[in-house]
Amino acid sequence: MAIFGFLTGYIVPFVLVLSLIVFVHEMGHYLVGRWSGIRILAFSLGFGPEIIGFNDRHGTRWKLSLIPLGGYVRFFGDADASSKGNTAELNAMSSEERARTLNGAKLWKRAATVAAGPIANFLLAILIFSVTFSIYGKAVSDPVVAEVKPASAAAEAGVEPGDVLFALDGSRVKTFDDVVRYVSVRPEVPIVVTVKRGDQNIDMTLTPRRTETTDRFGNKMEVGQIGIMTTAKSGNFRVEKLGVVESIKEGVQQTWNIVAGTYDYIHNMLAGHMNADQLGGPIRVAQASGQVATLGVAALLQLAAVLSVSIGLLNLMPIPVLDGGHLFLYAIEAVRGKPVSAYAQEIAFRVGMVMILSLMVFATWNDISRLIG
């Protein structure tokens, strides 16, 4: 029974969420590749041995594979699922055949086909957020301070109950969530806070404290906090009903917030203000999927949207093997006026594979350490 509960509670939600994200990502590559006239040999959801599949009238093999941890589109002329060109095969092709390969297509067609995967992930996130906002509305609260914790960063800077948080580092904030989102990824980073007190706007500088918090599932994480709270009365907690256009705008904004927050986290991690052990791997994603699934379909879809943005951003990293690595090589080709040599590409792909494997091992080790720690 314990194994059955583990499978249904964690593995099934994880596989469903990941499969949705991967399918949309690979469909982006597939659709733009087809539109660009590139021949596609296979569309696989998962890696490893094929479980079931079929061939369509265009000669593409659609298949479900054994290991549900990703997927790929294999183009004509590819040496493997990473879309590295098969040099020997490409050299033996006619010019007409080469034009139907990813590596032999015009530069803009290659770039569009590769970029379409991450773009599809962002569009999926926007769609999910837009639909959930249109159905459930948006929970908001005003950025009004109800309580200031003694000896906190806010107290030492002079923030008082009743202050309205107007701007952070010059950027306007509209809700209390805006404040939490901005501060949480900036522990030990000075922030200029503008508060509205009566008819005055007052600027004060404070530094968020690094604080360990625990979510409703018992997961611990380190975030930046300044020591303020709001309440339902002070913050005027409410759910705003949104129309279709407003829901789409909010979907775009929410997706952008995740992108900006991710880059803020990476920047502050490299600067030493955030710990790298916050990075999660497959185990943590599976755990989060199972936990969020207990909150309902809407919450699981929201998690899928967040992960879709994360996977889109990950794939845009300029690491060979990833989409961003291909785009980086295409950028070099555009500047040089000729492709990077096959030998240099081979070296780049080998280095990229080592980097990806190292990142996966590091993230998985963080997951295991978190579980046993």
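Biologist: Which residue of β6 does L168 stand opposite?

Modeller: In this predicted model, L168 stands opposite S171 of β6. A167 also has a counterpart in β6, namely R172.

Biologist: What makes β5 and β6 count as paired strands?

Modeller: Two strands pair if there are at least two bridges between them. β5 and β6 are joined by two bridges, so they meet that cut-off. They run antiparallel. They also form a hairpin with two residues between the strands, where D169 has a positive phi near 50 degrees.

Biologist: How many bridges do β7 and β8 have?

Modeller: Seven, again antiparallel, with β8 covering residues 200-206.

Biologist: Let's move to V159. Where is it, and is it buried or exposed?

Modeller: V159 is in the loop between α5 (153-157) and β5. Buried means under 20% relative accessible area, and V159 is at 6%, so it counts as buried. V159 and M204 are 45 residues apart in sequence, yet their C-alpha atoms are 8.3 Å apart in space.

Biologist: How do you know that the span of helix α9 agrees with what a helix should give?

Modeller: Helix α9 has 19 residues (297-315), so at 1.5 Å a residue it should span 27 Å. Its end C-alpha atoms are 26 Å apart, which agrees.

Biologist: Which residues of α9 are buried?

Modeller: They are L300, L303, A304, A305, L307, S308, V309, G312, L313 and N315. In an α-helix there are 3.6 residues a turn, so residues three or four places apart point the same way.

Biologist: Where does UniProt place the feature "transmembrane region"?

Modeller: The unreviewed UniProt entry gives residues 6-24, 115-136, 292-314 and 347-365. In the model, residues 115-136 are 100% helix and 0% strand, with end C-alpha atoms 32 Å apart.

Biologist: Last one: what is the volume of the second largest pocket, and which residues are closest to its centre?

Modeller: The volume is about 440 Å³. Of the 19 lining residues, L90, N103, V340, A342 and Q345 are the closest to the centre. The lining divides into seven nonpolar, seven polar and five charged residues. Helices α2 (87-91), α10 (323-336) and α11 (342-372) each supply at least two residues of this lining.

Methods. Residues numbered from 1 in each chain as written. Predicted model: local features only at pLDDT ≥ 70, side-chain atom pairs only at ≥ 80, totals over all residues. Heavy atoms only, no water. Helix = DSSP H or I, 4+ residues; strand = E, 2+ residues; numbered from the N terminus. Expected span 1.5 Å × (residues − 1). Buried < 20%, exposed > 50% of the residue type's maximum accessible area, 1.4 Å probe, protein only. 1 Å grid on protein atoms, 1.4 Å probe; cavity = no way out; pocket = protein on both sides within 12 Å on 5 of 7 lines; lining within 4 Å. Points joined across faces, edges and corners; volume = space filled by probe spheres on them. Nonpolar A, V, L, I, M, F, W, Y, C, P; charged D, E, K, R; others polar. UniProt positions renumbered as here; feature names shortened; annotations may be inferred.
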